[in-house]
Amino acid sequence: MAAFAFYLFAGLLLTSGLMVITAKNPVHSVLWLILAFFNAAGLFILLGAEFLAMLLVIVYVGAVAVLFLFVVMMLDIDFKALQRGALQNLPLGLAVSGVILAEVLLVASGWTAGQGVIVHEALAGPPPGMTNTQWIGSQLYTRYFFVFSMSGLILLAAMIGAIVLTHRRRVGIKKQSIAAQNARTPGGTVAVGKAAIGQGVEL
Amino acid sequence: MTYTGWFVEQFGAGLGWFLANLTLILAIAFPVMVGVALAVYADRKIWAAMQMRRGPNVVGPFGILQTFADAAKLFLKETIIPAGASTGVFLLAPMISFTLALVVWAVMPFDAGLVLADLNVGLLYIFAVSSMGVYGIIMSGWASNSKYAFLGGLRSAAQMVSYEVSMGFILVAVMMYAQSLNLSDIVLAQKGNVLGILNGNIFNPLLFPMGIMFFITALAETNRPPFDLPEAEAELVAGYQVEYSSMSFALFFLGEYANILFMCALIPTLFLGGWLPPLDLPFLYAIPGFVWFLSKMAFLFFLFAWVKATVPRYRYDQLMRLGWKVFLPLSLFWVVVVSGWLMFTGHFAAAPGVM
């Protein structure tokens, strides 16, 4: 059963990964990418890491990919032009990917699991009486606290950068000011005038 | 012998397990569908009563079969796929909406031990599935190849992503009190949690504002008025579902109501003590927990219908302002307050992994 589930998730993951780069339509690419995330979450569950699986779905499928889709749907891409460009840059792309492939092969051939990495007892899995989630939390906030807070700071810096880049004051737009609306009173806005017959009212 | 145990004995481990779970899934999905039909009827009756009308009263006794008649009509209609639509995505979108609205019921505890999948990350599972619900809408909006549907889809995507953030913080506060992500544990943690006699987080002054915010966020997540911007008949015809007809429309409609019913079940689980009676008195436990659960669901559903009947729709910038500038800072601040209070009173002293 577990083997069947593994091959199902892994096969779908690879297939959808392939479809991401071969799909003609970018929206379809993003949808395949979402399927890939989803199957990766399935693999996490098979590993017994249900907390990570749920976080993968919440963060990547539920938030990041939605914004991806949001942006890609609004783009107006000319595929013919893109494909022509791709053919021109093919030699350069092949060279770069060849170098990366060679590096990966070199590293992977000389590496065995556990070697060069200090295997903490943290990796052995949660002690009895603790759920997966509690174990991750207690490790993150004690042993890996500095790494954890550093990554938080990096994300904060990235967030501030994104806000600074996109924040601009636009002129000539109407904006609602709730406080100003609530502060309006009849005295400031309504005037009662008496109109004499045959004459208007001076306002 | 357990239910699954009997099947395993009769049919062997693999097939027995499969058959047992299949029947259990049907035993949840079928009542949910009937519940959806009755909820639509109840919704229309409540609005009618609030607007001094009669509501559906022709088909069946008191018009109770009206929804079934509507469903039969939709079944018999022709499915129209627009020529410019992206067919695959167009047909996939309602299926995703409907499926997600049903799978989320898997972790809902209806009574003590009466739950299909007792996940220890149940709350996160609900959060994950409800955050995926936006895909049905955004895909249908894009695949319809119509500007109304597209605008509806974009609005919905922005709205649901915005409100999910504050929803997450509210769930964090509840989770800290229960010290668990398992829904059954969250319900049991509410047993006599306030003054030793009241069951329910809503009676806790620190969680009361969270409960109110969660109700409003639930309205936004299910696209109910006053947050039904994705549909907005007045400006977008019917929003993302404008090109859908027949069964594909029915799937959206059923999914929407199944989601609403789920929120009506989730709010009692998180804040009103789930299957527990409101007061921790022995004689109240004589009434089965399932009855308490259903009556709390019915009460919440009445509140949902009440809001829909009385509140006008938000403007889009007001909706975004409420989500990002009011709910997000408020819920974030409140998480800090709640966690500070719990730390100060030594709530976490017995938690495993504390050093």
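# A tour of the pockets, cavities and ring pairs

Start by selecting A:F9, A:F38, A:I45, B:V103 and B:Y125, which lie nearest the centre of the second largest pocket among its 49 lining residues. A pocket here is an open set of points on a 1 Å grid over the protein atoms alone, with protein on both sides within 12 Å along at least five of seven lines, and a lining residue has an atom within 4 Å of a point. This is a predicted model, in which local features need pLDDT of at least 70 and side-chain atom pairs count only at pLDDT 80 or more, while totals for chains, interfaces and linings use all residues. Residues are numbered from 1 along each chain as its sequence is written, chains are lettered from A and ligands numbered from 1 in the order in which they are written, and side-chain values use heavy atoms, with hydrogens and water left out.

**The second largest pocket**

The space in this second largest pocket is about 1,900 Å³, where a volume is the space filled by probe spheres set on grid points joined across faces, edges and corners. Colour the helices next: α1 (2-22), α2 (26-46) and α3 (50-74) of chain A each give at least two residues to the lining of the second largest pocket, as do α2 (13-50), α4 (87-103), α5 (122-132) and α6 (134-143) of chain B. Helices are DSSP runs of H or I with at least four residues, strands are runs of E with at least two, and both are numbered from the N terminus. Which helix supplies the largest share of this lining? That is α2(A), with eleven residues.

By residue class, the lining of the second largest pocket has 43 nonpolar, five polar and one charged. Nonpolar covers Ala, Val, Leu, Ile, Met, Phe, Trp, Tyr, Cys and Pro; charged covers Asp, Glu, Lys and Arg; the others, Gly among them, are polar.

**Chain A**

Of its 203 residues, 19% are buried, that is, under 20% relative accessible area with a 1.4 Å probe and protein chains only (exposed is over 50%, partly exposed in between).

An unreviewed UniProt entry annotates residues 6-23, 30-49, 55-77, 89-111 and 144-165 of chain A as "transmembrane region". Such annotations may be inferred rather than shown by experiment. Pick two of the spans:

- Residues 6-23 of chain A are 94% helix and 0% strand, with end C-alpha atoms 25 Å apart.
- Residues 144-165 of chain A are 95% helix and 0% strand, with end C-alpha atoms 32 Å apart.

**Cavities**

A cavity is a set of grid points where a 1.4 Å probe fits but cannot get out, and the structure holds two of 30 Å³ or more. The largest cavity has a volume of about 280 Å³. Select B:G133, B:M160, B:E221, B:G255 and B:N259, the closest to its centre of the 19 residues that line the largest cavity. Helices α4, α5 and α11 (246-272) of chain B each supply at least two residues of this lining, and the largest share, six residues, comes from α11(B). The lining of the largest cavity divides into ten nonpolar, seven polar and two charged residues.

The second largest cavity holds about 30 Å³. Among its lining residues are B:V107, B:P109, B:D118 and B:N182.

**Aromatic pairs**

Over all chains there are 19 aromatic pairs, counted when the ring centres of Phe, Tyr or Trp (its six-membered ring) lie within 6.5 Å; planes under 30 degrees apart are stacked, over 60 edge-to-face and the rest tilted. Centre on B:Y163 and B:F227: the ring centres are 5.6 Å apart and the planes at 55°, so the pair is tilted. B:Y163 lies in helix α7 (residues 147-178) of chain B and B:F227 in the loop between α9 (208-221) and α10 (233-236) of chain B, so the pair ties together parts 64 residues apart in sequence. Both B:Y163 and B:F227 are buried.

Move to B:F215 and B:F304, whose ring centres are 5.3 Å apart with planes at 90°, so this pair is edge-to-face. B:F215 in helix α9 and B:F304 in helix α12 (residues 289-310) of chain B are 89 residues apart. B:F215 and B:F304 are buried.

Finish on B:W105, B:F110, B:F262, B:F290 and B:F293, which ring pairs link into a cluster.
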